[in-house]
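This report walks through one protein model, beginning with a pair of helices and ending with the ligand shell.

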Amino acid sequence: MKKLGYAILGLGIGMAHAEAAAASENADLIAACDIDNTRLEKFGKIYPEARLYTDFEELIADRDIDIISICLPSYMHADFAVRAMEAGKHVLIEKPLDITPQRAALIEEARLRTGMKAGVVHQNRFNLNMYPIKKAVDDGRLGRINLGTFAVKWFREQSYYDRGGWRGTWEYDGGGSLMNQAVHTVDLMHWLMGDVESVTSTMAIYNHNIKTEDMTASLIKFKSGATATFVSTTCAYPGISTEIMLYGTGGSIEADADMIKTWKLRDSDDEDEEEELMIERYGRGNLKASSYEEGTLYGHRHVVEDMICAVRDDRDPQILPSDAIKSVEIVNAIYESAKTGKTVYLK
Ligand SMILES: NC(=O)c1ccc[n+]([C@@H]2O[C@H](COP(=O)([O-])OP(=O)(O)OC[C@H]3O[C@@H](n4cnc5c(N)ncnc54)[C@H](O)[C@@H]3O)[C@@H](O)[C@H]2O)c1
């Protein structure tokens, strides 16, 4: 079977997409596009066979390209993803889908209109511990989940925000610690606990010269009747943890990023033995809790391969824009609540 032609648009995190596509048995990494020549040259040295573009219109005119990873600053995702789908390319879009629900909706609308495939990078769903946690939730082993606590306690230096000029801005990043870093955990929260009904939030800028926030704290109410707290920050030196904690009538599960810390389920034949097994198997994790650098490749390999196989097998990618838009809605509702001091209800 002919291998699919893969291209990367934007060569920051796009380099992780490139490595994943190059490692795939089902695709050839054939091109990259960036307006930054230094980055393009660096890419060209690693992948000498690949075609290099500085013009997006030329990239989408390349007939050998089937799939494009959209790895541009967040506010550019909708414009470029829609244009690529209209040109007959499948797209894999970095998180967040875009920075407002309205812009994110354009991507889903274009996917349905063009019939092209669109997937979204929320790679934490592929963390090793997430499969058993999601399965325990879906199998009802936690009973009725009443409470969740989620906390993204990460750290970023000021130099991180100074790079590229778009991070930590409302116009281009759509926010700060919540929209950029914690959106991964927002994704896990609604994936595990269901649709959000309302949010009541506060936010602050504590430790960076930015215009948005480096700390948010929210009380989340779900349509199911459950409640959660959600905290995000990039001020927790040196990057402490990503807590994902679920408490139900049937038991409790606590995770830190990709590690399982607590596994207590009432329906277990032997609670302690099962917990011991789960901690032995998933207690060490596959990546660092507070930084994407080491963990990125693990998750990105899965997401990129899923996208390639979706096109090859003519099925949907596992994470669709219609699902990823929920995270953008929740994040924007949290910001609105923090700005107005009012509880914000989601549709
Ligand atoms: N999934 C993850 O863990 C993860 C990690 C990091 C970043 N991201 C997301 O990926 C996206 C990119 O982040 P980044 O850190 O790589 O940013 P970055 O600023 O390092 O890279 C973006 C690249 O896009 C290029 N670019 C800008 N406009 C362009 C244009 N018109 N045509 C071609 N290239 C253009 C820039 O020159 C730059 O090289 C963001 O949405 C971010 O939220 C996701």
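Where helix 5 meets helix 11, the residues Pro101, Ala104, Ala105, Ile107, Glu108 and Arg111 of helix 5 are in contact with Pro321, Ser322, Ile325, Val328, Glu329 and Asn332 of helix 11, contact being defined as C-beta atoms, placed from the backbone, that lie within 7 Å. Helices (H or I, at least four residues) and strands (E, at least two) are DSSP runs numbered from the N terminus. By class, this contact comprises seven nonpolar, two polar and three charged residues, where Ala, Val, Leu, Ile, Met, Phe, Trp, Tyr, Cys and Pro count as nonpolar, Asp, Glu, Lys and Arg as charged, and the others, Gly among them, as polar.

The model is a predicted one, in which local features need pLDDT of at least 70 and side-chain atom pairs count only at pLDDT 80 or more, while totals for chains, interfaces and linings use all residues. Residues are numbered from 1 along each chain as its sequence is written.

**Helix packing**

Two packed helices are described by the angle between their axes and the distance between the axes. The axes are lines fitted to C-alpha atoms, for helices over the stretch in contact, and the angles run from 0 to 180 degrees between N-to-C directions. Helix 5 and helix 11 (residues 321–340) pack at an angle of about 175°, with their axes 9 Å apart, which makes helix 5 roughly antiparallel to helix 11. Helix 4 (residues 77–86) packs against helix 5 at an angle of about 5°, with the two axes 9 Å apart, and helix 4 is therefore roughly parallel to helix 5. In these terms, angles under 35 degrees count as roughly parallel, over 145 as roughly antiparallel, 65 to 115 as roughly perpendicular and the rest as oblique. On the helix 4 side the residues are Ala78, Ala81, Val82, Met85 and Glu86, and they meet Arg103, Ala104, Leu106, Ile107, Ala110, Arg111 and Thr114 in helix 5. This contact of helix 4 with helix 5 has eight nonpolar, one polar and three charged residues.

An open sheet of six strands runs in the order 3-2-1-4-5-6 with parallel pairing. Strand 3 (51–53) and strand 6 (118–120) stand at its edges, each with a single partner strand, so one side of each is left without a neighbour in the sheet. From one strand to the next, the twist averages 25°.

| Strand pair | Sense | Bridges |
|---|---|---|
| Strand 1 (residues 4–9) and strand 2 (residues 27–33) | parallel | six bridges |
| Strand 8 (residues 196–204) and strand 9 (residues 215–222) | antiparallel | eight bridges |
| Strand 8 and strand 14 (residues 344–345) | antiparallel | two bridges |

Leu4 has Ala27 in strand 2 as its bridge partner, Thr202 stands opposite Ala217 in strand 9, and Val199 is bridged to Val344 in strand 14.

**Domains and ligand**

The domain assignment, which is automatic or from a database, gives domain 1 (4–123 + 295–320) and domain 2 (125–289 + 328–345). Their C-alpha centres lie 26 Å apart, and the contact takes 19 residues from domain 1 and 19 residues from domain 2.

Around the ligand there are 23 residues, the closest being Gly10, Gly12, Ile13, Glu94 and Gly164; a residue counts as near if its C-beta atom, placed from the backbone, lies within 6 Å. This shell divides into eleven nonpolar, seven polar and five charged residues.

Definitions and conventions:
Two residues are in contact if their C-beta atoms, placed from the backbone, lie within 7 Å. Two strands pair if DSSP finds at least two bridges between them.
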